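Subject: Handing over the structure we spoke about

Dear colleague,

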Amino acid sequence: MENNNMSKTDIKRMSRACLEMKKFILLAGLSCAMLAFTVFGALYKPAYSSSADIAVTMRGGLSSVSSNLKTAKSLADVLAEIVGSDQFERAVLKELGKEKLPGSLSVSRTDDTNLVTIKASANDPISAYEYLSAVIRTYPNFINIAAPDALIEIFNYPYVPETPDNKSHVALA
């Protein structure tokens with residue numbers, strides 16, 4: 001009978017110990033969650049992108065689909081080189097009225113089409129839009145020299161992005 005009483009006492013002690021540990025585990029878990037949230041909030045930098053699609057055709061009347069595709073492919077290559085040049089960077093900086101570019105640019109071509117996409121990325125939506133708009137105002141001077149046969153028409157104009165490309169998925173209330 002005494003063993004049975006000892007067991008009940010041991011069970012009560014163990015229950016109290018578990019409850020005390022439960023509070024400690026809960027407190028430690030909450031502390032870790034708060035620390036992770038704080039660190040993530042400090043390190044997270046949103047990235048916004050704005051893009052524009054450009055249709056490329058040949059100047060001077062009718063042209064075949066094949067020649068438009070070849071022109072688009074070569075223009076995408078030329079645009080990538082132009083965008084990476086110091087001279088183009090200086091022209092865009094002058095157009096923006098800034099000393100440093102707000103982000104990065106990329107140029108790509110949609111396969112089997114005559115569409116070339118220029119994409120500007122920056123840390124805020126207005127900067128991404130303004131950067132791409134300055135590029136679009138600047139690049140025709142460079143393209144006319146590099147690819148005089150190309151006729152370029154903006155198919156989709158730049159826009160101010162509403163959400164970042166790299167969403168945090170954490171509600172920052």
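What follows is a walk through what was found, from the whole chain down to single residues.

Please keep in mind throughout that this is a predicted model. The protein chain contains four helices and four strands, and, read from the N terminus on, its elements follow the order α-β-α-α-β-β-α-β. The chain has 173 residues, of which 27% count as buried, while its accessible surface comes to about 11900 Å², with 58% of that belonging to carbon and sulfur atoms. As for how the chain comes together, among the contacts between residues at least 6 apart in sequence, 75% join residues that are at least 24 apart.

Strand E1, residues 48-58, is mostly covered, since eight of its 11 residues are buried. E1 pairs with E3 in the antiparallel sense over eight bridges, and within this pairing tyrosine 48 stands opposite alanine 122 in E3. E1 is also joined to strand E4, residues 150-156, by six bridges, and these two strands again run antiparallel; here aspartate 53 has asparagine 156 in E4 as its bridge partner. Strand E3, which spans residues 115-122, is in turn joined to strand E2, residues 103-109, by seven bridges, and the two run antiparallel. In that pairing, serine 108 has threonine 117 in E3 as its bridge partner. E2 and E3 form a hairpin with five residues between them, and in the turn aspartate 112 has a positive phi of about 55 degrees.

Turning to the helices, H3 covers residues 86-96, and its buried residues are Phe88, Val92, Leu93 and Leu96. These residues lie on the same side of H3, because they cover an arc of only 135 degrees around the axis. The face turned away from that buried side carries the exposed residues Asp86, Gln87, Arg90 and Lys94, so that anyone turning the helix about in the viewer can look for both faces.

Just after H3 comes glycine 97, which takes a positive phi of about 70 degrees and is found in the loop between H3 and E2. Glycine 97 counts as exposed, because its relative accessibility of 66% is over the 50% cut-off. Although glycine 97 and alanine 134 are 37 residues apart along the chain, their C-alpha atoms are separated by 9.9 Å.

The count of salt bridges in this model comes to one. It is formed by glutamate 95 and arginine 137, whose closest N and O atoms are 2.6 Å apart, and the pair links distant parts of the chain, with glutamate 95 in helix H3 and arginine 137 in helix H4, 42 residues apart.

Serine 127 counts as buried, because its relative accessible area of 12% is under the 20% cut-off.

Isoleucine 25 counts as exposed, because its relative accessibility of 55% is over the 50% cut-off. Together with Met21 and Phe24, Ile25 makes a nonpolar surface patch of about 340 Å².

With kind regards

Methods
Residues are numbered from 1 along each chain as its sequence is written. This is a predicted model: local features need pLDDT of at least 70, side-chain atom pairs count only at pLDDT 80 or more; totals for chains, interfaces and linings use all residues. Side-chain values use heavy atoms; hydrogens and water are left out. Patches are made of residues with over 30% relative accessible area and no salt bridge: like charges are joined within 9 Å, nonpolar side chains (Val, Leu, Ile, Met, Phe, Trp, Tyr) within 5 Å. Accessible areas come from the Shrake-Rupley method with a 1.4 Å probe; for residues, only the protein chains shown count as cover. A salt bridge is a side-chain nitrogen of Lys or Arg within 4 Å of a carboxyl oxygen of Asp or Glu. Buried means under 20% relative accessible area, exposed over 50%, partly exposed in between (1.4 Å probe, protein chains only). Contact means heavy atoms within 4.5 Å. Two strands pair if DSSP finds at least two bridges between them. The arc is that of the directions from the helix axis to the C-beta atoms.
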